[in-house]
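Visitor: Could you walk me through this structure? I am new to it and would like to begin with a single residue.

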Amino acid sequence: MNELEEVARQFEADLLEFGAARAEELRIKYLSKKGIISKLIEKIPTLPPDQRRDFGKRLNELKSRIEASIKQLAEAQSDRVSFEVKLLDNDLTLEGKRPPVGNKHVLFKARDELFEIFKHMGFSFFDGPELETDFYNFEALNFPPYHPARDMQDTLMVGDMVLRTHSSAMQVRALQALGVPLKAILPGRVYRREEVSARKYPVFYQFDALVVGEGIGVGHLKWTLETFLSAFFKKKVEVRFRPSYFPFVEPGNEVDVRCVFCGGKGCNVCGGTGWLEILGAGLVHPKVLEYGGVDPKRFSGFAFGVGVDRMTMLKYGINDIRLLYEGDVRFLSSL
Ligand code: DAH
């Protein structure tokens with residue numbers, strides 16, 4: 001009996017030592033005609049008759065176990081060989097397939113172009129919260145409570161806070177935080193209760209430019225506008241002011257640029273007028289300066305508010321604002 005156990009132990013050790021690469025040698029050692037198992041079978045008739053049956057049974061079990069192990073080993077070996085052959089069939093020097101690579105969203109491409117221009121013009125950047133108090137979004141900008149001018153912007157409320165309706169909400173925050181002289185861009189996402197259409201979306205991007213110091217006037221405003229618009233559209237841009245009303249500037253203006261597509265002759269982008277309406281601007285209202293802790297007798301300033309979406313659409317010839325927000329890769333990867 002001990003002899004069979006000894007063979008079993010020996011086989012386990014050989015299995016490890018020989019490994020898959022030498023499965024055939026292992027088979028010969030144990031299972032061939034002159035192998036260890038055959039020798040043991042030949043021994044059966046020499047045993048005392050009462051032991052033969054039991055010995056034979058155990059020997060058979062051992063043989064089956066050894067056969068199964070060697071079969072497994074041989075299979076592992078042939079898998080390995082065919083894997084190696086497959087590798088040789090393939091040309092490993094060929095380039096792999098590249099996964100598609102994303103690109104910067106056109107809205108942020110245009111925004112970054114705009115910010116780069118203002119950086120070169122010496123502006124700093126100031127950030128504020130999207131969930132705003134009524135004070136900064138309206139009251140400090142000279143929209144008194146219940147004033148009808150609040151209806152110019154359909155507001156989304158969250159409790160008694162507002163989702164800021166314009167980046168102008170950061171004007172008084174910037175004055176309070178940075179003081180004067182001030183020359184800053186106030187960028188961010190803004191929200192309005194708006195039906196989605198080709199021209200309107202309930203969330204969009206704006207920035208305000210705010211410049212306050214001694215002796216700042218309309219001349220500085222006009223020069224700044226012409227300079228940044230010409231840099232952005234990469235051509236000399238002509239602007240015109242039309243008087244308009246915004247509570248936080250006095251005087252307030254709508255600013256138009258000579259159509260960058262037709263040069264003023266009239267086309268379908270400018271609706272035949274030769275001018276594109278692009279932003280609101282004006283001289284900062286004394287009340288706003290006061291709320292910002294700035295003496296309006298000594299300091300003055302200008303502000304303007306730009307729709308980043310509008311600028312993106314004009315520069316890249318996009319006629320539907322929804323394309324900027326709906327993540328259609330066919331559109332996004334074409335720009
Ligand atoms: N905040 C205004 C709006 O979203 C735009 C605007 C107008 C901003 C005049 C200004 C400004 O800074 O001076 O409709």
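Guide: Phenylalanine 233 is buried, with a relative accessible area of 10%, where buried means under 20% relative accessible area, exposed over 50% and partly exposed in between, using a 1.4 Å probe and protein chains only. The model is a predicted one, in which local features need pLDDT of at least 70 and side-chain atom pairs count only at pLDDT 80 or more, while totals for chains, interfaces and linings use all residues. Residues are numbered from 1 along each chain as its sequence is written, and side-chain values use heavy atoms, with hydrogens and water left out.

Visitor: Which helix is phenylalanine 233 found in?

Guide: Phenylalanine 233 belongs to helix α8, residues 218-233; helices (H or I, at least four residues) and strands (E, at least two) are DSSP runs, numbered from the N terminus.

Visitor: And what is phenylalanine 233 in contact with, leaving aside its neighbours within four places in sequence?

Guide: Setting those neighbours aside, phenylalanine 233 is in contact with Val260, Met311, Leu314 and Lys315, contact meaning heavy atoms within 4.5 Å. Lysine 315 is 82 residues from phenylalanine 233 in sequence, yet their C-alpha atoms are 6.6 Å apart in space.

Visitor: Switching to the sheet, what order do the strands come in?

Guide: The sheet is open and has seven strands in the order β1-β5-β6-β10-β9-β8-β7, with mixed pairing; two strands pair if DSSP finds at least two bridges between them. At the edges stand β1 (124-125) and β7 (239-244), each with a single partner strand, so one side of each has no neighbour in the sheet.

Visitor: Which strand does β7 pair with, and over how many bridges?

Guide: β7 pairs with β8 in the antiparallel sense over six bridges, and a hairpin of four residues joins the two strands. Within this pairing, proline 243 stands opposite asparagine 253 in β8, while the bridge partner of asparagine 253 in β9 is alanine 281.

Visitor: How many bridges join β8 to β9?

Guide: Eight bridges join β8 (residues 249-258) to β9 (residues 275-284), and these strands run antiparallel, with arginine 258 opposite tryptophan 275 in β9. Seven of the ten residues of β8 are buried, so this strand is largely enclosed by the rest of the structure.

Visitor: Changing topic, how do α1 and α4 cross?

Guide: The axes of α1 (residues 2-18) and α4 (residues 49-89) come within 11 Å and cross at roughly 5°. Axes here are lines fitted to C-alpha atoms, for helices over the stretch in contact, and angles run from 0 to 180 degrees between N-to-C directions. That makes α1 roughly parallel to α4, since angles under 35 degrees count as roughly parallel, over 145 as roughly antiparallel, 65 to 115 as roughly perpendicular and the rest as oblique.

Visitor: Which residues of α1 meet α4?

Guide: Leu4, Glu5, Val7, Ala8, Phe11 and Leu15 in α1 do, and among the residues they meet in α4 are Phe55, Leu62 and Leu73.

Visitor: Last one: in α3, which residues are buried?

Guide: In α3 (residues 36-43), Ile37, Ser38 and Leu40 are buried, and the buried residues of α3 pack against α1, α2 (23-31) and α4. On the other side of α3, Lys39 and Glu42 are exposed.
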